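Grab a pencil and have a look at the protein below.

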Amino acid sequence: MAKFGKRTTAARAAFEGKHNVTVEEAAALVKDNAKAKFDESIEIAMTLGVDPRHADQMVRGTVSLPHGTGKTVRVAVFARGEKAEEAKAAGADIVGAEDLMETVQGGTIEFDRCIATPDMMAVVGRLGKVLGPRNLMPNPRVGTVTMDVKQAVEDAKGGQVQFKAEKAGVVHAGIGKASFSAKQIEENMLAFVDAVGKAKPSGAKGTYMKKIAVSSTMGPGVSIDVSSATGNA
């Protein structure tokens, strides 16, 4: 039988018998049991009743969390001329065109969000196999292919979160830090669930939100009563 350390054993004991709890209870439980020596991330995972292999069942979008993510987001922008200067002024960490493409092709990806002006997509398109699997490919549907570079950079820096359903219909994202108050975690969680709810695709049949769970980086997960998270309690 596997042996657990004191911290893990204590966390497992605290979570024992806790399932389908309210959003408020989940936020407090996860925060109180994030005992690592670093500021753990708070993560949410949602199992949806969709098959994203079908175009009319794909779930993707963005949400600006009321309290941000607590994470410093490194932003890269593919742009030229005035738009490149606009990106730099807005706080983009990396700005470039063909030179940035060559850097990424060489295996150097030092950013968490990628934005591009429409005219740069012919260049960015060559990076599909590199950026796609990392969910970094600019996409007009989530506002990362745009002429409003300033707003896109500010949104990314301000705690905007992107989400996309994976093969099993699971959507997951970081929604804060253990150093946040339980109320801040709760409000971020509700904002994320609301955004996923509004992104329900036309092809979704039956129960849309099947399961919601939240956890800290090093802690156990706890399932949340879906009706509590969606306001249908």
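Here come the exercises, and keep in mind that this model is predicted.

**Exercise 1.** Work out how much space lies in the largest pocket, and which strand gives the largest share of its lining.

*Solution.* 
- Step 1: start with the volume. The largest pocket holds about 890 Å³ of space.
- Step 2: see which strands take part. At least two lining residues come from each of β1 (41-48), β6 (160-164), β7 (170-177) and β8 (209-216).
- Step 3: pick the top contributor. That's β7, with 6 residues, the largest share of the lining.
- Step 4: sort the lining by class. You get 14 nonpolar, 11 polar and 8 charged residues.

**Exercise 2.** Decide how helix α3 and helix α7 pack: what is the angle, and how far apart are their axes?

*Solution.* 
- Step 1: find the helices. α3 covers residues 81-90, and α7 covers residues 149-157.
- Step 2: read off the geometry. The angle is about 30°, and the axes lie 8 Å apart.
- Step 3: name the arrangement. Angles under 35 degrees count as roughly parallel, so α3 is roughly parallel to α7.
- Step 4: α3 and α7 make a right-handed crossing.
- Step 5: list who touches whom. From α3 you have K83, E86, A87 and A90, and they meet V149, K150 and V153 of α7.

How values were computed
Residues are numbered from 1 along each chain as its sequence is written. This is a predicted model: local features need pLDDT of at least 70, side-chain atom pairs count only at pLDDT 80 or more; totals for chains, interfaces and linings use all residues. Side-chain values use heavy atoms; hydrogens and water are left out. On a 1 Å grid over the protein atoms alone, a cavity is a set of points where a 1.4 Å probe fits but cannot get out, and a pocket is an open set with protein on both sides within 12 Å along at least five of seven lines; lining residues have an atom within 4 Å of a point. Grid points are joined across faces, edges and corners, and a volume is the space filled by probe spheres set on the points. Helices (H or I, at least four residues) and strands (E, at least two) are DSSP runs, numbered from the N terminus. Ala, Val, Leu, Ile, Met, Phe, Trp, Tyr, Cys and Pro count as nonpolar, Asp, Glu, Lys and Arg as charged, and the others, Gly among them, as polar. Axes are lines fitted to C-alpha atoms, for helices over the stretch in contact, and angles run from 0 to 180 degrees between N-to-C directions. Angles under 35 degrees count as roughly parallel, over 145 as roughly antiparallel, 65 to 115 as roughly perpendicular and the rest as oblique. A crossing is left-handed if the near helix is turned anticlockwise from the far one by less than a right angle, and right-handed if clockwise. Contact means heavy atoms within 4.5 Å.
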